[in-house]
Every structure is written in structure tokens, then in C-alpha cells.
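Student: I would like to learn how to read aromatic contacts in a model. Please take me through them.

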Amino acid sequence: MQDGYLRQTGYANGDTAGLASDLGQKYGRWEVRARVIADGNSGHAYHPVLITWPDSDEWPQGGEYDYFEVNVGDTSATAFMHHPTDSEVIQDEYHSGSLDLAQWHNYGFEWAPDGLTGYIDGQVWFHDTDPDVQAPGPMHQTIQLDNFCGCTMQKAYFDVGWARVYPL
């Protein structure tokens, strides 16, 4: 904890952080107040993500909903709704407008039988009604500061003010 919020630190040597809830559910709403801060100017950028991951831990068969996914230094957010499949990765992709990710924002995601909806600061920024994207079983929240390359990184922070989960 740092001044009342959770700070995940990604170090220049590639050591990083992540956490996962054990509270899975089929359908619901997940919300996280977060910001992303760079603390250096050399090395590869860390990759902060807010994800609902299948409780079955089967991927891609269980689906995956990345409702906030960026590289440190980006100026907008991206979301990837991974379809549950037996083999190849199929996904729907969404991009927000310009966004200062170093400022606190509230990111929300709602999974309902009739679609998936993403929110930034209470405003809808994507709505996916493709029935093929519906996951077959319960999912749980993960909050990760990923190092995709396993190499020298630009030090960064993924700060979380709070996280909430609601059933539908």
C-alpha cells in the first residue's frame, strides 16, 4: 500500500507484479480506479491490464475479457474481448478516445447475457453484442503489470485506488 492505494511496481530489471481475485462469477460488473505512471525513459514499456479470466483457467476455450489494456506511455485505452474457441484466437478490439492514463480514472466492465460493455469514468466506451464472445463459465478479476518481453524495462507503476465486483 502507498498513501491509501495499491501500487504495483514494474522494475527496470523486469520484476513486476500482478494479482487475481478468487471471486468468480458468470455475469456481473467489475470496476477499478487506476492510473499508470512511467518512472524512467529507457527500456521497453510495461503493459498494464484489467482482465476477467476464466475460473477454469482454460484459454482460449474459457474466453478472456481485457477491458483495459495499454502500454505505459499510451494516450488511449484498448479493450480486447477474446472469444471462447477450441484453437485459434478470435477477438473484438475497441479503442477509447484520448486519455491521460497518469490521471486517476474509473474503469468498468459489465458482462451480461446480451452483451459486454466497457466504461471509462461512467461513460460507455464499447458495447459488444456478438453472441460468439460469451464465455461458457464464471470469470474472476486480475490486475496485472505485464512484462511481455522478459527484458530491460522502463520502470513504471500501476496504482489501484479500489476494485469492486457486483453480481448481475
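**Aromatic contacts**

Tutor: Phe126 is buried, with a relative accessible area of 3%. Buried means under 20% relative accessible area, exposed over 50%, and partly exposed in between, with a 1.4 Å probe and protein chains only. This is a predicted model, in which local features need pLDDT of at least 70, side-chain atom pairs count only at pLDDT 80 or more, and totals for chains, interfaces and linings use all residues. Residues are numbered from 1 along each chain as its sequence is written, and side-chain values use heavy atoms, leaving out hydrogens and water.

Student: How many aromatic pairs does a search of the whole structure find?

Tutor: Rings of Phe, Tyr and Trp (its six-membered ring) pair if their centres lie within 6.5 Å; planes under 30 degrees apart count as stacked, over 60 as edge-to-face and the rest as tilted. The search finds 11 aromatic pairs. Trp30 and Trp111 form a stacked one, 6.4 Å centre to centre with 25° between the planes.

Student: Are Trp30 and Trp111 buried or exposed?

Tutor: Trp30 counts as buried because its relative accessibility is 0%, and Trp111 is buried, also at 0%.

Student: What kind of pair do Trp125 and Phe126 form?

Tutor: Their pair is edge-to-face, with 5.1 Å centre to centre and 80° between the planes. Trp125 counts as buried at 15% relative accessibility.

Student: Which ring does the charged end of Arg7 sit over?

Tutor: A charge sits over a ring if NZ of Lys or CZ of Arg is within 6 Å of the ring centre and within 35 degrees of the ring normal. For Arg7 the ring is that of Tyr157, 3.9 Å from its centre.
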